[in-house]
Amino acid sequence: MTATATQDLLLSRIRDVPDYPKPGVMFKDITPLLADPVAFTALTDALAELCVRCGATKIVGLEARGFILAAPVAVRAGLGFIPVRKAGKLPGATLKQAYELEYGTAEIEIHAEDLADGDRVIVIDDVLATGGTAEASLELIRRAGAQVAGVAVLMELGFLGGRGRLEPALHGAPLEALITV
């Protein structure tokens with residue numbers, strides 16, 4: 001399937017939900033895409049190809065929809081999967097990173113022992129919005145001793161400026177969005 005055909009397929013399976021979760025917001029619902037085995041397979045294949053192209057050795061998935069996308073990509077690409085979770089959700093020793101939200105701050109965590117020197121890690125998530133969570137995940141990866149191989153998302157909400165925020169933190173690693181809206 002060509003990149004354009006994949007994009008068209010993926011876009012056709014993303015549903016717009018007006019005024020969710022609050023008035024004035026147009027929510028991009030990916031559940032119809034996940035329910036379609038052809039579209040979900042095309043998405044998994046496209047992301048796995050990006051992982052191979054970036055030379056990734058591990059995949060980080062961001063809570064929660066990033067888990068849904070990253071786990072099958074890791075299996076398809078033959079790579080390990082590491083969850084980045086909200087603070088307090090992982091047992092044992094973790095590295096924690098705070099980041100700014102529009103309405104305050106939040107923290108994410110990772111098990112540092114799941115990454116090693118020499119690992120090249122790609123971050124996978126469903127949407128790049130403002131870039132705060134992805135930026136914090138890059139800091140966690142580096143603090144754990146690994147290298148950032150890139151960030152890959154299903155959809156970039158270009159009007160929110162996440163790419164501009166994230167690019168300096170990438171230190172030249174690629175940022176790939178299969179769809180930009």
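Biologist: Which residues does isoleucine 124 touch, leaving aside those up to four places away in sequence?
Modeller: Keep in mind that this is a predicted model. Contact here takes heavy atoms within 4.5 Å. Leaving out residues up to four places away in sequence, isoleucine 124 touches Leu47, Cys51, Ile59, Val60, Gly61, Leu62, Gly66, Leu69, Ala70, Val73 and Ala152.

Biologist: Which residues have the most contacts inside the largest nonpolar core?
Modeller: In soluble globular proteins, nonpolar side chains tend to be buried together. The largest such core here counts 31 residues. Those with the most contacts inside it are Leu47, Ile59, Ile124 and Leu154.

Biologist: And which element gives the most to this core?
Modeller: At least two residues each come from α1, α3, α4 (65–77), β7 (120–128), β8 (147–156) and β9. With eight residues, the top contributor is α3.

Biologist: How many residues are in the second, separate core?
Modeller: Val60, Ile82, Leu95 and Val151 are included in that separate core. Its count is 28 residues.

Biologist: Which element supplies the largest share of the lining of the second largest pocket?
Modeller: Two or more lining residues come from each of α1 (3–12), α3 (37–53) and β9 (175–180). The largest share, six residues, is from α3.

Technical notes. Residues are numbered from 1 along each chain as its sequence is written. This is a predicted model: local features need pLDDT of at least 70, side-chain atom pairs count only at pLDDT 80 or more; totals for chains, interfaces and linings use all residues. Side-chain values use heavy atoms; hydrogens and water are left out. Helices (H or I, at least four residues) and strands (E, at least two) are DSSP runs, numbered from the N terminus. A nonpolar core is a set of buried Ala, Val, Leu, Ile, Met, Phe, Trp, Tyr and Cys residues joined through side-chain atoms within 4.5 Å. Buried means under 20% relative accessible area, exposed over 50%, partly exposed in between (1.4 Å probe, protein chains only).
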